[in-house]
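Dear colleague,

Please find the structure below, together with its sequence. My notes on what was found in it follow.

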Amino acid sequence: MNIPRSLVYFSLALCCLTMAMNAPTSALAYGDGWKPIDPSELALKAPVVEKDADAEALFWEVYVADEAEGGDPRTVLKHYIRIKIFTDRGKESQSKIDIIPLYKNTRIKDVAGRTVKPDGSIIELKKEDVHERTLIKANGIKVKATSFAMPGVETGSIIEYRWREERGDHLTFYDRLQFQRDIPVQTVKYYIKPISVPGFDYGMRAQFFNGKFKAFTKEKEGFYSTTLNNVPAFHVEPRMPPEDQERIWMLVYYSEDKKLNPDQFFKDYGKRMYDTMKPLLKVNDEIRKKSAELVGGATSPEEQLSKLFEFCRTGIKRIYDDANGMTGEQRVKLAKEIKSPSETLKRGMGTDQGIDTLFGALAVAAGMEVRVANMPDRSDIFFDKSIADDYFLNTYAIAVKVGSDWRFFSPSNTYLPYGMLPWTAESQPALILDSKEPVFVDTPLSTPKQSLEKRTAKLTLSDDGTLEGDVRIEYTGHLAAEKKEYNDDDSPTQREETLRTMVKERMSTAELSNVQIENVADPVKPFIYAYHVKVPGYAQRTGKRLFLQPAFFEHGAAPLFPTSERKHAVYFNYPWSEEDDVEIILPEGFKLDNADTPGGVNAGEISQFDIKIMITKDERTLIYKRKFFFGGGGNILFPTTAYPALKQYFDALNKADNHTLSIKQGGTTAAAPAKP
């Protein structure tokens with residue numbers, strides 16, 4: 001059976017205290033200290049695992065155990081890695097190290113490193129050269145990394161470094177252990193010390209993903225080891241599924257039974273969690289009164305739910321919102337004090353769960369059938385119902401029965417409108433908790449129209465090729481939520497810098513002024529960028545002609561899929577759409593020399609792309625309209641076999657976006673549709 005969380009916490013705390021008192025004194029048991037370097041390692045001239053690798057890890061060893069600090073249980077991983085550098089590219093890629101924690105509430109400590117040159121001389125990493133910095137991952141999420149540069153690295157060198165990783169808040173005691181890096185590894189070895197205290201009868205289990213698991217070997221001092229040899233490098237590709245869906249890793253956890261029937265497990269779990277969550281939907285007189293006030297005048301369940309949702313989304317503040325200005329201690333204190341929907345209503349503030357369950361309680365008071373639904377997070381991994389454990393059901397929503405269908409709501413996600421869940425919870429099997437028959441129901445996927453990027457520009461072209469004017473971009477749906485989450489904890493200066501970087505990545509000469517960034521923390525309105533832009537050299541002048549790309553918002557954009565081959569599937573987080581409306585006033589004395597328009601690209605219900613190019617009757621203003629959507633029909637995941645066709649489609653879009661018009665000084669305007 002699965003362990004109740006309260007028992008896990010108690011047992012783990014007891015275990016950690018016991019282990020802390022009886023921790024082994026052997027430094028070698030935890031991998032502390034540098035291992036001798038064999039001369040053959042220094043003499044190694046070519047990689048073993050992948051022949052074209054620029055660098056290769058000779059070994060990566062990790063000791064995993066549980067400790068306690070002040071009675072607080074934590075999982076501690078002590079890493080030790082040794083890397084051989086073969087080429088200049090390897091020197092560049094491996095000299096600068098970023099250690100990114102896998103979990104929140106994780107601390108990186110005790111970093112040590114050294115470089116061993118080909119002649120055997122050693123340069124130690126200085127402690128003052130280790131620092132923390134913020135990185136932006138490919139998905140746009142900010143992460144904190146412990147960073148350092150290895151000293152004196154050259155081709156033929158060996159670099160090695162160690163660090164201590166402390167994972168806190170592990171109330172359910174599950175650990176993910178990674179086996180792949182950005183370079184190949186000759187040997188990955190984990191030493192794991194299971195919980196072993198009186199009264200704790202749950203056995204350690206291991207679930208391996210994307211690789212073949214080797215049985216544990218008993219080691220000294222209560223450790224068990226597992227080894228994987230010749231592990232290939234893991235390379236991140238643009239628009240790929242979650243990394244743990246693709247890379248090799250292992251989940252270590254504790255369970256009473258080795259084999260559980262998944263169907264029976266989730267049925268029992270759904271019943272048990274229903275009893276746990278039912279008090280959080282409790283209705284009292286205050287809840288009834290507020291519900292009646294909010295839904296008064298509403299004539300349908302849809303209208304009633306909309307009113308309740310908007311109240312909870314906009315009228316109740318989130319304790320853990322980055323923009324609320326509270327300290328961490330204040331947030332923790334409030335979260336402990338506010339334990340019921342009525343208290344959330346009274347305070348006008350609550351945790352995410354408190355806001356969502358207040359919505360559920362208000363809906364119950366309005367006479368609706370309401371449940372809590374547990375669901376997975378598809379930004380993490382694709383859910384597999386054959387794994388009989390609740391570990392991957394790590395998020396939730398409020399389910400409301402409307403007619404014969406279950407509808408799903410999460411008003412604590414402030415930046416998403418009524419009817420939308422976070423994209424991580426869309427198109428997922430949600431377990432509807434129930435005392436009799438828990439059931440999985442798929443959540444809907446949003447449509448392309450619900451996440452729109454609408455871009456307008458009114459520009460003037462000079463005879464030297466400079467383009468200047470005013471720009472406005474509006475984001476809705478998931479696009480807006482991502483922009484708001486990214487910007488809401490930044491200063492106005494940082495927000496402007498983010499925008500300038502975004503524009504200059506496509507147009508390096510662009511100069512932005514009068515920047516306005518609107519509705520950053522507004523729960524309802526679109527996220528908006530508005531600015532004045534000047535781009536010297538936007539159009540290329542040759543003699544009496546100017547060559548102009550009318551797709552201003554795609555100018556300088558690289559192809560989405562630059563490589564001819566693909567290792568991983570292609571995955572889009574959610575469907576989206578784009579609408580461009582660009583007006584460009586031509587220079588005095590210039591006329592449109594050619595008015596050809598690239599043809600549209602059509603992929604049926606999945607995607608459509610259409611362009612219109614027009615000139616006004618006075619022949620002075622060029623009108624460019626572009627419409628595009630992708631992900632229709634729920635198509636957001638494509639196997640590698642579909643990559644050639646997908647690449648061809650997006651290459652055709654990129655080519656159309658790079659379409660160039662010729663404008664001639666003193667010429668006669670070519671035939672072109674007039675502006676309606």
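Helices (H or I, at least four residues) and strands (E, at least two) are DSSP runs, numbered from the N terminus. This is a predicted model, in which local features need pLDDT of at least 70 and side-chain atom pairs count only at pLDDT 80 or more, while totals for chains, interfaces and linings use all residues. Residues are numbered from 1 along each chain as its sequence is written, and side-chain values use heavy atoms, with hydrogens and water left out.

Val62 lies in strand S1 (residues 55–69). Val62 is buried, at a relative accessible area of 0% (buried means under 20%, exposed over 50%, partly exposed in between; 1.4 Å probe, protein chains only). Beyond its neighbours within four places in sequence, Val62 is in contact (heavy atoms within 4.5 Å) with Leu77, Lys78, His79, Lys189, Tyr190 and Tyr191. The C-alpha atoms of Val62 and Val188 are 8.2 Å apart, although 126 residues separate the two along the chain.

S6 and S7 (residues 142–149) run antiparallel and are joined by six bridges, and Ile136 stands opposite Lys142 in S7.

Helices H6 (residues 285–295) and H10 (residues 352–365) pack at about 80°, their axes 8 Å apart. That makes H6 roughly perpendicular to H10 (65 to 115 degrees; under 35 is roughly parallel, over 145 roughly antiparallel, and the rest oblique). Ile287, Arg288, Lys290, Ser291 and Leu294 of H6 meet Leu358, Ala361, Leu362 and Ala365 of H10 in this contact.

The largest nonpolar core has 59 residues, and Phe552 and Phe572 have the most contacts inside it. Such a core is a set of buried Ala, Val, Leu, Ile, Met, Phe, Trp, Tyr and Cys residues joined through side-chain atoms within 4.5 Å. Helix H13 (residues 643–657) gives the most to this core, with six residues. Apart from this core lies another, of 47 residues, including Tyr274, Leu281, Val370 and Phe383.

With kind regards

Technical notes. Pairing = 2+ DSSP bridges. Axes fitted to C-alpha atoms, helices over the stretch in contact; angles between N-to-C directions.
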